[in-house]
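Subject: Handover of a structure and the findings on it

Dear colleague,

Please find below the structure that I am handing over to you.

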Amino acid sequence: MAKDGVIPLSPGRKTRSSSQLSPSKPSPQNVYPFSSQTQSQELIHCLYTSEEPISLETLISSFPGRKPQILEILRLVGSLNSPMFPLLIYGGPSTGKTIAILQIFRYLNRPFVYAGCRTCYSPRILFDSILRQLLLHGRNPIKGNSGTKRYEKPSEFIDLLRIALVQAINALKERNLKSGSEEVDRGKMIYMIFDNFELLRSWDKNSNIVPLLLRIHEMLKIPEVGVIYISSSTPDAYYLCTGSIEPITIYFPDYTLEDLHGIFMRNQPNPKLYSSFLSVVLKPFFRVTRRVDELSVAFQPLFQQYCKPLVDRSVVPDEAMKRKLFDNLQPYLTVALNDLFNVPSWSSHQTKQEGDHQKKGIRKSNRKEASNELDFHMSMSAKYLLLSAFIASRNPATLDASLFDSSGGLINRKRNKNSQMSMDRKDSMAEQILLKGPGSFPLERLLAIFQCITSVAESLVEEEQHENGTVVESGSFGLTSDVLLQLSSLCNANFICKSGSCPLEGSTRYRCTIDEEMAVRVAKSINFPLSSYLYRR
Amino acid sequence: MALSPSTTCDFHSSPISTSNASDVSDNNLQHFFVLHKAPARKCERKSSSTYRRTKRKIDMLLSSPIKDTQEENDAIYEQLRLEAFENTWSKINSTVKEVLREINLTLFEEIRQWVFESFSTIRSASPVHMMKPYPIAAGATCKRIPAALIFTKNIEFVDDMLMFQDLKGYMQSNGCHVAFLSALDISTKCGIGSCLRSLYKQLVPEASDVVDVPLIASWYCKDENYDKPIAVIIEDMERCDSAVLADFIKMLSEWVMKIPIIFILGVTTFDALRKLLPSSVMHNLQLCKFTLESPIRRMDSLIEYVLVRPSFGFFIGHKVALFLRNHFLRHDGTITSFLKALKLACVKHFSGEPLSFLCPGMLHDDCEAFWSGKCESLSEVLRSYAFDLPSCQRGKTTGDNNLSQGLSKLKWLQNSWSSVLLCLLEVGKLSKIQLLDIFCEAIDPTLCSGWALGQQLLPPLTASHDSVNGGFISQAIQKVRELPSDSLCQLLGQWSLHTAEVIEMDKEVKAVHSMINLPSDGHTSKEKQTVNINGCLASSARKKGKPFLNDEAAMLLVSLLRKFLVPIESVPFHEIFCFKDVSSLKSALIGDPRSVIQDDLLKSGEYLQSTSCSRREHVLSSSIHDTAIMYSLAQEYGDLINLHDWYHSFKTKVLISNPKAKRKAQHSPASEKGKSKALENEVSIQARFCKAVTELQITGLIRMPSKRRPDFLQRIAFNL
Amino acid sequence: MASEKALDCLRRRLCDSSFVYSAFKSTPAGNYSKLKFLISNTITEACNNSVLLLGPRGCGKGAVVDMILEELKDEFPEIISVVRLNGLLHSDDNFAVKEIARQLCMEHKLLFSKMASSDDNSQFMIDMLRECGLAHKMIIFVLEEFDLFTQGKQRLLYSLLDAMQTLTSQSVVIGISCRLDADQLLEKRVRSRFSHRKLLFTPLSTEDMQRLLEHLLYLPKNLSLPSKYVKEFNSNVNNILGDKKFKEILDVLSSVDNTISNICRFLYHAISWMHFESGLLTLDGFKNALSCMQRQPMLDKLQGASILEFYILVCMNRLGSREQNSFNFNSIMKEYKAIQDAYKTSDNYSWSVCLRAFEHLIERELISFLDNRMRSLSIEYRPVRLLLSSQELHQGLKSNSFCPAILLKLLNHESYR
């Protein structure tokens with residue numbers, strides 16, 4: 001049957017077949033691939049949800065705080081076989097739009113076609129997946145894909161879609177005729193759901209995909225088709241210059257505190273305990289973010305912490321115990337509030353390190369790498385190169401002359417340090433750094449600074465070698481070609497990024513992306529006086 | 001750059017060039033060797049090279065009557081050396097691979113466990129749901145992809161590529177689907193399609209051009225593929241394009257319940273990752289971190305297994321070791337480059353050292369027979385050469401057959417040396433001293449003289465004294481003095497293992513070990529009783545025996561060091577086994593092509609010894625290659641070169657010193673034909689000019705004119 | 001049961017455009033009769049013609065054309081053949097010609113070869129025009145989204161109109177566009193060949209609206225519903241229509257947008273609120289519909305924000321009010337820290353958490369980057385701008401129940417700056 005599914009769409013027959021039906025009134029018999037009952041049955045099954053239908057109560061109860069929206073959607077979708085206007089369901093991310101719709105259709109138990117614009121990352125893939133669902137290619141998508149170059153043009157897609165829809169609707173109708181009265185009538189509507197609709201706007205190269213899909217309903221002119229758009233951005237994002245028939249909008253507001261409580265209380269083994277946990281945790285986190293996914297990610301480890309003192313999780317906590325648990329949780333709570341992702345480590349010898357890591361975090365509000373030494377290997381010249389890149393992108397180029405004298409040594413800037421003009425120039429500089437971020441610099445400047453630094457560094461390196469008792473050949477830092485290799489590998493590690501060639505001269509410019517403390521750590525590892533080279537201090 | 005000799009290579013470096021090419025092919029311009037002029041020219045400069053002596057000898061002999069036999073001998077020995085090199089290097093290479101694999105093995109096992117654990121959390125219900133195009137209706141919590149962060153402890157990811165390949169193999173053998181995504185797949189211009197395509201291509205050999213996730217899902221539904229995790233390895237996360245990667249992750253996260261994708265990401269720092277991805281995407285990853293061995297550790301174990309433990313009949317001298325160490329620490333800390341350097345050294349040694357075919361004898365179980373056999377058949381020249389070796393001169397060894405004896409003595413010394421060093425390493429491991437440093441110190445030829453005088457070891461070292469002559473060895477000894485008894489006992493146990501094959505050592509160690517063992521056992525038992533009573537007794541009991549025992553151990557170590565830690569360079573005949581030529585290695589490893597190219601261009605006259613050039617050096621003539629002329633002309637400008645002036649000076653240069661052309665130029669106005677000639681001459685000059693400019697640009701010496709000032713070229717002159 | 005039937009019937013009516021616009025068939029001065037007269041004239045006189053239907057979206061241009069074409073097909077069978085193009089789909093000229101050829105083949109039961117070149121297709125089109133002209137057949141070209149055809153070279157329009165000028169063909173070109181200046185977009189050579197007939201479709205006048213409402217809402221007698229229920233229903237509708245409150249609602253609605261489609265959507269909403277037991281429409285239903293019709297998306301977005309996000313918005317607003325021309329996350333963070341130091345609020349969060357909130361705001365499209373140039377720069381350095389007016393922000397803060405009072409003060413009062 002897969003063959004039947006494909007053949008009418010192979011170019012030769014497609015034209016002939018579609019040449020026999022006018023766009024307004026398609027005569028589907030000719031192109032109808034499902035000659036036998038079984039196939040049409042299978043088609044129908046493909047279009048329904050695979051899960052068991054659910055009752056209205058379970059539907060509503062499974063979405064705390066979503067009752068009005070669900071009821072409104074049900075009203076607007078209307079009863080069986082009644083045509084509908086296109087709907088636009090919008091609301092912030094992770095407000096349960098998609099899931100609500102899917103469950104609603106599970107409840108309604110009506111055939112629908114789902115196209116997620118994130119999964120279908122290009123118009124062609126989008127068309128492909130829609131038609132595949134309608135034409136039962138879902139069974140063998142490789143076949144469906146193998147016939148490439150089928151609907152490059154949107155108009156071809158529209159024609160094919162029309163044909164496919166008519167086929168499907170006919171299949172539904174005859175199913176109803178066949179089943180007759182003894183089985184409940186299951187309608188002949190087909191619904192098309194476009195999810196993540198807001199992503200369409202970023203498909204810049206064919207800009208008319210958005211109006212096309214927005215007007216697909218009036219273009220098809222098939223009353224048995226209902227269209228539902230799901231978007232995380234508000235309808236005004238789709239206003240077009242020439243305007244469009246706006247779909248009817250339904251707004252999913254972000255969850256309120258009570259809704260969230262309800263959501264997190266769903267199917268908990270020990271509701272009492274968890275509710276006491278929520279009463280501690282939910283409010284503070286709610287001030288930071290209102291997204292269910294982020295909250296649940298944050299709560300998981302916290303709840304483990306919360307339950308640590310308990311011997312069995314099934315205990316019903318009384319007031320004293322609650323207080324004790326809360327005191328136990330308190331420090332971790334503050335950490336978790338200010339920290340997004342703590343990465344657990346698998347192997348045991350790292351877990352304890354992770355533990356004191358967390359204690360550090362308690363003290364430090366902002367928990368970056370608390371350890372002061374670098375946690376990865378880096379050759380010395382690479383370190384110097386990185387530092388010089390950092391200096392080059394922190395200091396304005398005009399100040400290099402004042403920083404380094406001809407011999408490459410550092411000029412002591414004591415005298416002009418306290419002069420007023422330098423001061424205000426300094427904080428203007430700081431402001432600028434805050435705004436512009438690290439400046440970009442050409443390769444020549446980087447190498448010049450690198451030379452200055454290393455020439456200074458030579459001396460202390462020398463004596464360090466003496467105490468090692470190792471005599472090393474002089475000029476171990478001398479610029480060699482592999483400094484350029486170091487540069488490339490620094491670029492690969494994203495410590496330095498090649499910014500696009502600047503408009504004035506044709507050369508590529510570099511920019512150092514590491515932050516202050518990282519640079520300080522690097523400088524410490526080779527005891528290099530970084531702060532005296534930075535202009536800000 | 002046809003004429004730059006930096007590309008001409010002699011037979012010495014040609015094996016390097018080939019091997020190097022094969023090595024480099026897998027990655028980008030991270031590592032390469034610069035092939036240099038033939039060492040025939042180089043070793044005129046450097047003194048005290050064994051090579052020169054042999055040359056002289058052989059030259060001297062070439063004039064002698066027994067020339068023909070000499071030549072065929074040479075051929076034979078050449079052959080022998082080549083074989084020797086091959087089997088030695090193959091042994092070393094296999095050991096290296098083995099060691100590196102061993103290091104990663106535990107990590108791989110951890111990752112495997114983690115993968116299957118997290119797979120059990122996200123495995124999906126049934127293929128029926130899987131075919132549906134819409135996400136499974138479940139909470140937002142299960143939209144997270146498990147992702148292992150593998151912290152590669154090195155900003156150079158060259159070493160890690162091999163590791164990731166091994167990991168891939170390991171996972172595949174353990175029942176995962178594995179796909180390998182590189183930063184090239186995840187780039188802006190290809191977009192997200194290419195990620196999916198390459199992912200799918202690796203899962204399914206025959207893949208269509210347009211790939212979307214349902215396609216992968218349907219592939220996964222097949223019975224032979226079903227119910228296995230799909231591990232996606234991204235080896236160098238930092239280089240990926242952030243936007244595309246974010247899309248990719250988000251897209252897969254919608255499907256994770258249906259297609260159990262599990263990421264394995266190689267990153268350098270966590271901050272870099274956080275910079276790369278927005279937090280909303282980070283929430284879709286369920287992170288778990290793993291850490292690789294640090295390159296220092298790897299290096300240590302490499303040295304232990306390659307250079308210390310069983311001698312492959314190839315050693316490196318003190319200077320070479322220092323150079324390698326510094327190169328590793330200073331210039332690029334990659335194992336890859338270290339290995340390449342080692343191989344290079346090996347090649348240079350075997351090709352340069354006439355007697356190097358004796359090296360494999362080290363591996364023979366009865367090396368005596370091997371060597372004596374070899375030595376019998378040794379030709380007069382080589383034998384005399386062997387006895388003229390400086391080390392041999394020093395050693396005052398004379399007579400016929402004791403070349404082989406000397407060799408076997410050397411082997412014995414070497415074995416004892418390595419076993420003592422191993423003992424030192426055990427200490428070093430306890431007190432965080434790097435093997436690399438100890439090795440470099442232990443191989444120092446000045447060391448043994450120091451032993452002879454015997455300072456710095458006997459008196460218990462004070463911290464100040466330590467810092468003055470900061471020998472790592474003395475630190476180690478100091479450490480032995482401070483060890484607690486139980487670990488001391490363990491240490492001695494390991495020592496006895498290491499020193500098993502050297503008899504004398506074995507005796508001493510055994511003695512001390514036994515004499516430590518008994519009281520230490522007593523200690524432990526006594527502690528067992530005293531601890532549950534009160535702690536102070538135990539500590540007092542510990543105080544009694546400790547210093548005495550430690551001193552014993554320290555003394556043992558010192559005596560061992562005195563007797564057996566004989567660095568190879570102070571042993572007769574070591575030149576045969578030991579590679580000491582730093583400068584050639586250095587020039588091969590950190591050659592700076594830019595400067596080479598530059599001064600080659602400037603004095604190209606020397607290389608092509610043509611009469612026209614050699615007549616007048618400072619004035620440059622037109623018979624030199626155009627590019628050379630152009631570059632030497634360019635010296636007169638600053639870093640901005642006016643194109644027009646440059647062209648004209650070039651033209652005059654060419655025309656003047658080319659008399660025929662000049663004549664044409666003179667009587668060109670007379671005849672129509674001549675004019676056309678002059679014209680095409682002009683044209684050809686322009687063509688040559690352009691060609692030369694392009695060559696200079698390709699070599700990276702000049703930069704093409706910019707929009708702002710279209711008639712000016714910029715000279716790229718770092719003094720590299 | 002009866003109520004369901006009634007509801008179903010009403011929905012069908014609303015969704016069936018031909019029924020909706022049949023309300024205005026009878027008016028003599030209406031566009032419907034004008035256009036129909038025009039086309040039927042052209043058919044009877046066997047000449048060429050072209051007309052533009054202009055007017056805002058949702059005034060029933062397309063619907064009117066469809067109705068007319070249907071009727072004409074019945075009146076003149078075997079004469080009319082229709083070719084429909086849509087600017088969205090066929091704006092590419094070559095492809096449009098191809099499409100025309102395809103549809104002509106379809107109409108006249110010819111075999112269409114996909115491989116034909118565009119020249120062949122255009123040639124075929126011209127031949128068809130001639131043939132049809134000789135056979136006294138009419139080809140009606142309906143170009144929806146007419147303005148989109150005028151982008152580019154307008155080769156299609158030119159060849160079409162030129163053929164009509166020269167050949168002895170009979171054809172009508174009906175351009176439908178929601179741009180009132182659609183004919184100004186035409187090139188000279190095209191415009192000169194274009195007959196400047198324009199039909200302007202205007203939004204509803206009040207009495208039209210009244211008529212429309214009655215036309216749509218009164219249940220017919222003949223329907224298989226209990227006549228008692230129908231009578232009750234209609235009287236109820238009558239009351240509602242007569243109600244003053246309803247008039248107000250209608251005024252509010254039409255003051256925003258009184259195109260027919262908008263009214264239909266409004267009614268669709270309203271009848272979905274139909275009272276189920278009695279099966280009667282209620283005034284509240286209309287009220288709810290209105291409230292749903294006039295949401296303010298900005299405020300919706302603002303409602304979703306968490307407190308920390310509000311803090312960031314306020315900081316941006318303060319920075320903006322200080323004539324600081326451009327600011328990025330770092331400067332916002334500076335302001336935020338300053339506020340926290342000054343007022344010691346409980347909402348002093350770490351850098352990374354604020355960055356996440358910042359990203360949330362960008363996702364919500366409450367703020368946006370100034371430019372896409374500096375992609376290489378990390379996010380905290382890229383300059384951003386606030387998409388809210390301070391009034392909206394103020395309103396959002398006020399309507400937000402749980403947000404702390406300090407925020408409002410920080411936003412408004414000079415003393416807190």
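Between domain 1 of chain A and domain 2 of chain A there is one residue pair in polar contact, with both residues at pLDDT 80 or more. That threshold applies since this is a predicted model. No salt bridge accompanies the pair, for the count across the interface of domain 1 of chain A and domain 2 of chain A is zero.

The wider setting of this interface is as follows. In terms of contacts, five residues of domain 1 of chain A meet seven residues of domain 2 of chain A.

One residue of chain A deserves a separate note. A:Ser129 belongs to helix 7 of chain A, which spans residues 123-134. Because its relative accessibility is 5%, and buried means under 20%, A:Ser129 counts as buried. Apart from neighbours within four places in sequence, A:Ser129 is in contact with A:Ala115 and A:Cys120.

I turn next to chain B. Its 720 residues include 55% that count as buried, and the chain holds 33 helices and 10 strands. Among contacts in chain B with a separation of 6 or more, 78% join residues 24 or more positions apart. The accessible surface of chain B is about 30700 Å², with 59% of it belonging to carbon and sulfur atoms.

Within chain B, B:Asp645 sits in helix 31 (residues 643-656). B:Asp711 is 66 residues away from B:Asp645 in sequence, while their C-alpha atoms are 9.9 Å apart in space.

Chain C is likewise assigned to domains: domain 1 (2-12 + 206-294), domain 2 (46-200) and domain 3 (299-411). The C-alpha centres of domain 2 of chain C and domain 3 of chain C are separated by 53 Å.

Helix 15 of chain C covers residues 283-293, and its buried residues are C:Leu283, C:Gly285, C:Phe286, C:Ala289, C:Leu290 and C:Cys292. These buried residues pack against elements of two chains: helix 5 (67-77) and strand 5 (248-252) of chain A, and helix 11 (206-217), helix 12 (227-242), helix 13 (244-256) and helix 14 (260-272) of chain C.

Finally, there is the contact of chain C with chain B. It involves four residues from chain C and five residues from chain B. C:Arg356, C:Glu359 and C:Glu363 supply 70% of the area that chain C buries against chain B, more than any other three residues. Together, chain C and chain B bury about 380 Å², with 45% of it on carbon and sulfur atoms. Three residue pairs, both members at pLDDT 80 or more, are in polar contact between chain C and chain B, whereas the number of salt bridges between these chains is zero.

With kind regards

Technical notes: Residues numbered from 1 in each chain as written. Chains lettered and ligands numbered in written order. Predicted model: local features only at pLDDT ≥ 70, side-chain atom pairs only at ≥ 80, totals over all residues. Heavy atoms only, no water. Domains from an automatic or database assignment. Helix = DSSP H or I, 4+ residues; strand = E, 2+ residues; numbered from the N terminus. Buried < 20%, exposed > 50% of the residue type's maximum accessible area, 1.4 Å probe, protein only. Contact = heavy atoms within 4.5 Å. Areas by Shrake-Rupley, 256 points an atom, 1.4 Å probe, with all protein chains shown as cover. Buried area = accessible area lost by both parts, 1.4 Å probe. Salt bridge = Lys/Arg side-chain N within 4 Å of Asp/Glu carboxyl O. Polar contact = N/O pair within 3.5 Å; in protein donor to acceptor, adjacent residues only side chain to side chain.
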